[in-house]
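Q: Please take a close look at one part of this protein, its aromatic pairing. Then set that part in its surroundings, helix by helix.

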Amino acid sequence: AHWNAQAAHQGEAAAQLALGLALRTGAGTRRDPRQARVWLRRAAEQNNSEAQTWLGFMLLQETGRRHATDREEGLAWVRRAAEAGFAQAQYLLGICLYAGYGGTAQAPAEALKWFLAAAGQQVLPARILAAFCYYQGVGAPRDRAEAFRQFSVAAEQGSPVAQIWLAYCYVHGEGVDVDLKLARDWAQKAWRQGHPGGHQMLRKIPRE
């Protein structure tokens, strides 16, 4: 924190980001959320996408104690980082627009767009949320085949949640033909990773 502070005062954006995060959590220095925002803002103004995302997150997270203008600024910073291609900002923006996080207006169709953008950069939770959007018909017409495809990609990448949902799809023929053997295989993979839902799903799969 000491050396980051030295570099931050000299205008180094990466150091300003590091100092802001240290002040946010109290890592190596006294916790000071107000000063954390100051240093994150300085880095954000230098187009540091990670700083923009963290600054936006902090402003949105504290929206209950702050003004609407802070909420709008927070969302604007996250959007700026997302449009620059920063994957975590794309995911966060998707959550804001999907669930109204931080008091933002819900916009499911745009949320799905950002989930897919983040999923394309290997953000697994974003791909799973995209799958749910297609499964439920939120932000796009209901498309169980596309939901199955998205769950499949996430399952192959090791997500136990996606593996459980893939098993569910195989049991009920959601977007794919019924295949109880594959359903058991995917449920077992989730269980082997320690997810209790895997065991629960195994118990629900009927015998062939």
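A: Buried means under 20% relative accessible area, exposed over 50%, and partly exposed in between (1.4 Å probe, protein chains only). The model is predicted, so local features need pLDDT of at least 70 and side-chain atom pairs pLDDT 80 or more, while totals for chains, interfaces and linings use all residues. Residues are numbered from 1 along each chain as its sequence is written, and side-chain values use heavy atoms, without hydrogens or water.

The protein has 12 helices and zero strands (DSSP runs numbered from the N terminus: H or I of at least four residues for helices, E of at least two for strands). From the N terminus on, the order of elements reads α-α-α-α-α-α-α-α-α-α-α-α. The C-alpha trace spans about 70 × 35 × 30 Å along its principal axes. Of the 208 residues, 46% are buried. Take the contacts between residues at least 6 apart in sequence: 46% of them join residues at least 24 apart. Contact here means heavy atoms within 4.5 Å.

Now the rings. A pair of aromatic rings is described by the distance of the centres and the angle of the planes. Rings of Phe, Tyr and Trp (its six-membered ring) pair if their centres lie within 6.5 Å; planes under 30 degrees apart are stacked, over 60 edge-to-face, the rest tilted. The structure holds 10 such pairs.

One of them joins Phe132 and Trp165. Their ring centres are 5.1 Å apart and their planes stand at 85°, so this pair is edge-to-face. The link spans distant parts of the chain, 33 residues apart: Phe132 sits in helix 8 (residues 124-136), Trp165 in helix 10 (residues 160-172).

Helix 10 takes part in another pair. Phe148 and Tyr170 are edge-to-face, with 5.3 Å from centre to centre and 90° between the planes. This pair too links distant parts of the chain: Phe148 in helix 9 (residues 144-156) and Tyr170 in helix 10, 22 residues apart. Phe148 is buried, because its relative accessible area is 13%. Tyr170, at 12% relative accessibility, is buried as well.

Step back to the network. Ring pairs tie Phe132, Tyr135, Phe151, Trp165 and Tyr168 into a cluster.

Next, a residue in helix 7. Ala119 belongs to helix 7 (residues 108-119). Its relative accessible area is 1%, so Ala119 is buried. Beyond its neighbours within four places in sequence, Ala119 is in contact with Ala126 and Arg127.

Then the helix packing. Helix 11 (residues 180-192) and helix 12 (residues 196-204) pack at about 150°, with their axes 6 Å apart. Axes are lines fitted to C-alpha atoms, for helices over the stretch in contact, and angles run from 0 to 180 degrees between N-to-C directions. Helix 11 and helix 12 are therefore roughly antiparallel (over 145 degrees; under 35 is roughly parallel, 65 to 115 roughly perpendicular, the rest oblique). From helix 11, Arg184, Ala187, Gln188, Ala190 and Trp191 meet Gly198, His199, Met201 and Leu202 of helix 12. That contact holds five nonpolar, three polar and one charged residue (Ala, Val, Leu, Ile, Met, Phe, Trp, Tyr, Cys and Pro are nonpolar, Asp, Glu, Lys and Arg charged, the others, Gly among them, polar).

Thr53, Phe57 and Leu60 of helix 4 meet Gln88, Ala89, Leu92 and Cys96 of helix 6. Five residues of this contact are nonpolar, two are polar and no residue is charged.

Last, a loop. Asn48 lies between helix 3 (33-44) and helix 4 (49-61). Asn48 is buried, because its relative accessible area is 16%. Leaving aside neighbours within four places in sequence, Asn48 is in contact with Ala13, Ala14, Leu17 and Ala43.
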